[in-house]
Amino acid sequence: MPAQLRSQRLNQATHAPHERLDTLVKSYAPFNNRENFSHFVVAQYRFQLQLQPLYRDPRLIALIPDLSARCRAEQARQDLIDLGVAPPATEPGELHDLPVAAALGWIFVSEGSKLGAAFLIKRAEALGLSETFGARHLGEPEGGRAEGWKRFIRMLDGLPLSEDENAEAESAAIAAFERFSELLRQAYAHVALA
Ligand code: HEM
């Protein structure tokens, strides 16, 4: 049997975490109103801020030339301003100087979330938001969602990584889902759910 592509392994390893996160997102009803949505954007902003050092890492830019343009921290920050929410203070987080394989696992999750964003932006539009106001971070990336994802996956699948590094990328991707879930819980911690 041919060896599985790295991206397929990552998809498999993160299937259950993605399902759990999807359920968690829905439990907060982020699209019921703009206020609920703004908490979701706080989590997205904090997640992107934590990933920023990876999107700027020269070792990764050597592999993915347009990497720094893919980060959505600035769009999420603008979204918060549009929504009348002060962006939380910068938090550097600890995601720098990660081994390349682990960094790619984190970026895989952040880039993959742009696919789900195609659905989420439609829901945001029902709140009067768009990729130029309030929901910029869910917008279509330049060059298209599918194309950007395919280019990323082609690069990822083409890298020569050891078996240990593959495992490291998978653990990192799972950690990224856990991190986003935790940021979501924090963002909604003080909100009374209907
Ligand atoms: C922080 C990370 C992520 C978040 C917050 C997230 C969130 C979501 C949510 C809430 C949906 C449901 C949209 C709807 O049906 O209304 C969704 C769908 C989707 N997500 Fe994610 N996602 C993340 C990461 C990923 C990753 C890593 C991938 C790909 C490897 C991915 C691929 C998809 C796809 C293809 C859909 C479309 C519906 C489906 O096939 O289930 N997402 N995502």
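Me: What makes a residue part of the lining of the second largest pocket, and which residues lie nearest its centre?
Reply: A lining residue has an atom within 4 Å of a pocket point. In this predicted model, 20 residues line the second largest pocket. Ala69, Arg70, Lys114, Pro141 and Glu142 lie nearest its centre. The volume is about 350 Å³.

Me: Which helices supply at least two residues of that lining?
Reply: α4 (67–70), α6 and α7 (145–158) each do. α7 gives the most, with four residues.

Me: What is the volume of the largest pocket, and which residues are closest to its centre?
Reply: The largest pocket holds about 770 Å³ of space. Its lining has 33 residues, and His18, Leu21, Asp22, Ser113 and Gly116 are the closest to its centre. By class, 18 are nonpolar, 10 polar and five charged.

Me: Which helices take part in the lining of the largest pocket?
Reply: α1, α2 (34–55), α6 (100–125) and α8 each supply at least two residues. α6 gives the most, with 10 residues.

Me: Why is Glu170 called buried?
Reply: Buried means under 20% relative accessible area. Glu170 has 16% relative accessibility, so Glu170 counts as buried. Its place is in helix α8 (residues 163–188). Leaving aside neighbours within four places in sequence, Glu170 is in contact with Arg9, Leu10 and Ala13.

Me: What makes a set of residues a nonpolar core, and which members of the largest one touch the most others?
Reply: The members are buried nonpolar residues joined through side-chain atoms within 4.5 Å. The largest nonpolar core has 59 residues. Phe37, Leu54, Trp106, Phe108, Phe152 and Leu184 touch the most other members. α1, α2, α5 (73–82), α6, α7 and α8 each supply at least two residues of this core.

Me: Which residues does Leu54 touch, not counting those up to four places away in sequence?
Reply: Leu54 touches Leu60, Leu67, Leu95, Leu98, Ala103, Trp106 and Ile107.

Terms used:
Residues numbered from 1 in each chain as written. Predicted model: local features only at pLDDT ≥ 70, side-chain atom pairs only at ≥ 80, totals over all residues. Heavy atoms only, no water. Buried < 20%, exposed > 50% of the residue type's maximum accessible area, 1.4 Å probe, protein only. Contact = heavy atoms within 4.5 Å. 1 Å grid on protein atoms, 1.4 Å probe; cavity = no way out; pocket = protein on both sides within 12 Å on 5 of 7 lines; lining within 4 Å. Points joined across faces, edges and corners; volume = space filled by probe spheres on them. Nonpolar A, V, L, I, M, F, W, Y, C, P; charged D, E, K, R; others polar.
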